[in-house]
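Trainee: Before we discuss any particular feature, could you show me the model and take me through how such features are read?
Mentor: Here it is; we shall begin with the terms.

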Amino acid sequence: MKIQQIVLFVTFCFLSGCKNTSTELTTIQAKQIPINNSIKNDLIVDSIIQPYRIHVKKELNSVLSYNVRDMHKNDGVYESTIGNFMADLLLERSNAVFEKREGKKVDVFLMNHGGIRSALGEGTIPLKAMYDVMPFDNTIVVVELTTQKLQQMLNYLSKAKRAHPIAGMTLKIDKNENIVETTIGGKTINKNKNYLIATSNFLYQGGDNMHFLANPVNYYELDYKIRNAMIDYLKKIDTIDVSLDNRFIQIR
């Protein structure tokens, strides 16, 4: 009898020990921890980072070129000095890559006014200025557009009332924002030809409502960041002297 009682007792304890237990979250507490000078540096971590900090600072302060005058994105109505500067150099750098890969030349470079995030002041241009002007990792893409799609692009630009940077083309509109004249590569538009437009991947994906870039005849990725293209260009140029050149004007 005692053995049976012991067996029953052990069995009961075993089954009790196997009983599922569950926990539930009942309270969440949080507090804000400000990141400021009150937080002491971790000297060990700081000693590891310091050599990299010195190297990065030296690189960012290295001088790329010299700028003759201040360049802003709002110093013109339909064009701007910094917009002209960026569009021109990006057309040049796009062709440096695209022509080598595809054996064809890009006709036009198109940017958006809002993509320019800083001005470029008169004087030396350090590398870090490129991160101010273009803080995004946008890349250059090329789309082949029919003349119908190209016309949609021109209509967009004529109605936008913003200095969206363009290069490789000129545009004239009247007081009612109707297109009066357009040239690409110094020639009038050939309705039987497709045109190659270089732009950013952001705009190709519909940024700034530039939906006319979608569903092109052909699409090419250059795997070339806009910021890197700017840096590569400036490394070759000693002095920058850019002005408004009436590439996009309104006739009153």
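Mentor: For residue classes, Ala, Val, Leu, Ile, Met, Phe, Trp, Tyr, Cys and Pro count as nonpolar, Asp, Glu, Lys and Arg as charged, and the others, Gly among them, as polar. The model is predicted, so local features need pLDDT of at least 70 and side-chain atom pairs count only at pLDDT 80 or more, whereas totals for chains, interfaces and linings use all residues. Residues are numbered from 1 along each chain as its sequence is written, and side-chain values use heavy atoms, with hydrogens and water left out.

Trainee: How many cavities of 30 Å³ or more are there, and which residues line the largest cavity?
Mentor: Rolling a probe the size of a water molecule over the atoms shows where empty space is left. On a 1 Å grid over the protein atoms alone, a cavity is a set of points where a 1.4 Å probe fits but cannot get out, while a pocket is an open set with protein on both sides within 12 Å along at least five of seven lines; lining residues have an atom within 4 Å of a point. Grid points are joined across faces, edges and corners, and a volume is the space filled by probe spheres set on the points. Here the count is 1 cavity of 30 Å³ or more, and the largest cavity holds about 30 Å³ of space. Its lining includes Tyr78, Glu79, His164 and Arg247, and the lining residues divide into 4 nonpolar, 4 polar and 2 charged.

Trainee: What volume does the largest pocket have, and what classes of residue line it?
Mentor: The largest pocket has about 170 Å³ of space. Among the residues lining this pocket are Leu91, Asp107, Lys187 and Tyr195, and by class the lining has 4 nonpolar, 4 polar and 3 charged residues.

Trainee: Which residues form the nonpolar patch on the surface?
Mentor: Patches are made of residues with over 30% relative accessible area and no salt bridge, where like charges are joined within 9 Å and nonpolar side chains (Val, Leu, Ile, Met, Phe, Trp, Tyr) within 5 Å. Accessible areas come from the Shrake-Rupley method with a 1.4 Å probe, and for residues only the protein chains shown count as cover. In this model Ile44, Val45, Ile48, Ile49 and Tyr52 form such a patch, with about 530 Å² of accessible area together. Ile49 lies in helix α2 (residues 43-61), where a helix is a DSSP run of H or I with at least four residues, a strand a run of E with at least two, both numbered from the N terminus. Val45 is also found in helix α2.

Trainee: How many salt bridges does the whole structure have?
Mentor: Side chains of opposite charge can pair when their charged atoms come close. A salt bridge is a side-chain nitrogen of Lys or Arg within 4 Å of a carboxyl oxygen of Asp or Glu, and a search of the whole structure finds 11. In one of them, Arg69 meets Asp241 at 2.3 Å, N to O. Arg69 lies in the loop between β1 (63-67) and α3 (81-102) and Asp241 in the loop between β11 (239-240) and β12 (248-250), so this pair ties together parts that are 172 residues apart in sequence. Arg69 is partly exposed at 33% relative accessibility, whereas Asp241 is exposed at 53%.

Note on methods:
Buried < 20%, exposed > 50% of the residue type's maximum accessible area, 1.4 Å probe, protein only.
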